[in-house]
Amino acid sequence: RSPIITLRFGGGPPQPESAITDLTPDQHFEVAERQRVNDIQARDAQRREQQKAEEAKSGGGFGFKLGSMIGSAGAAIGTAASGAQASAEASVRNAHVNKNKERFAKHFPQLLAAGEQLITDYDCKVLHQGQKVTGHAILSTNYLCFESGTLIEIIPLREISCLRHSVALETIDNGPPYIMITPAPNVISDTLQVFTVKQQLFQFIEFGSLLVTAGNFYGSSTVKGSAFERFFNFLDHAWRVATPVPVPGVQYAA
């Protein structure tokens with residue numbers, strides 16, 4: 001397989017955007033899961049306290065016991081429904097993560113052997129000689145990778161000089177999209193532009209993820225953002241751990 005043939009830029013790259021301070025999507029999920037468990041435990045404790053108070057007030061007669069049984073059954077059904085939904089989503093998440101690990105090990109065994117840890121893997125397309133190529137954007141501790149049936153690329157995070165939110169605009173005659181840096185905060189970004197210290201410009205578009213689809217299907221609100229926004233979040237966090245930003249020695253555009 002061949003590397004991506006990218007655009008080249010002259011002069012300095014754009015100034016980096018402000019660092020993303022939100023938690024990563026995985027951290028958001030972990031926090032939400034802990035909160036969900038805590039909420040269930042708190043509701044159960046509150047229900048038990050209410051039952052004790054009502055029992056003391058009623059003297060524990062038959063009417064109280066019947067009402068208590070009905071209330072407990074209703075609470076159990078609600079908890080079971082919530083748990084089943086969470087369990088189904090967690091199963092999808094675990095299967096997705098395991099598949100991503102298998103793909104990383106298959107296509108980038110040298111990185112795995114060097115101790116690299118997979119962070120995330122998203123479906124996307126890359127522009128290669130102006131044409132869209134479908135594959136996977138794969139992020140590890142120190143590398144941004146791309147793999148498809150015909151292309152493979154490994155970009156060290158320390159060689160990235162700038163990441164920019166961008167938009168891909170359709171062109172006539174189904175030609176290559178016109179890509180520009182997102183012009184205003186109220187414009188929805190859908191494209192990642194990666195500038196490197198080697199004057200390369202990688203352009204990733206049309207992000208997707210089974211986890212985003214599963215979250216929408218199950219009505220989950222634990223993790224926010226489109227597939228593109230989630231991947232950009234992961235990448236921005238990893239990049240700033242791998243190298244100081246702005247990158248020392250890089251002459252950025254004014």
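Colleague: What stands opposite Gln-193 in β8?
Modeller: Arg-164 does. β6 and β8 pair in the antiparallel sense, over six bridges. Pairing needs at least two DSSP bridges between the strands. Strands are DSSP runs of E, at least two residues, and helices are runs of H or I, at least four, numbered from the N terminus.
Colleague: And how is the model set up?
Modeller: It is a predicted model: local features need pLDDT of at least 70, side-chain atom pairs count only at pLDDT 80 or more, and totals for chains, interfaces and linings use all residues. Residues are numbered from 1 along each chain as its sequence is written, and side-chain values use heavy atoms, with hydrogens and water left out.
Colleague: Which residue of β9 is the bridge partner of Phe-195?
Modeller: Leu-201. β8 and β9 run antiparallel, joined by four bridges. Their hairpin has three residues between the strands, and Gln-199 takes a positive phi near 65°.
Colleague: Are the faces of β8 covered or open?
Modeller: Both are covered. Thr-191, Gln-193 and Phe-195 are buried on one side, Leu-192, Val-194 and Thr-196 on the other. Buried means under 20% relative accessible area (1.4 Å probe, protein chains only).
Colleague: Switching to the largest nonpolar core, which residues touch the most other members?
Modeller: Leu-144, Leu-192, Phe-204, Phe-207 and Phe-231, out of 35 residues. Such a core is a set of buried Ala, Val, Leu, Ile, Met, Phe, Trp, Tyr and Cys residues joined through side-chain atoms within 4.5 Å.
Colleague: Which element gives the largest share of this core?
Modeller: α5, with eight residues.

Key: Buried < 20%, exposed > 50% of the residue type's maximum accessible area, 1.4 Å probe, protein only.
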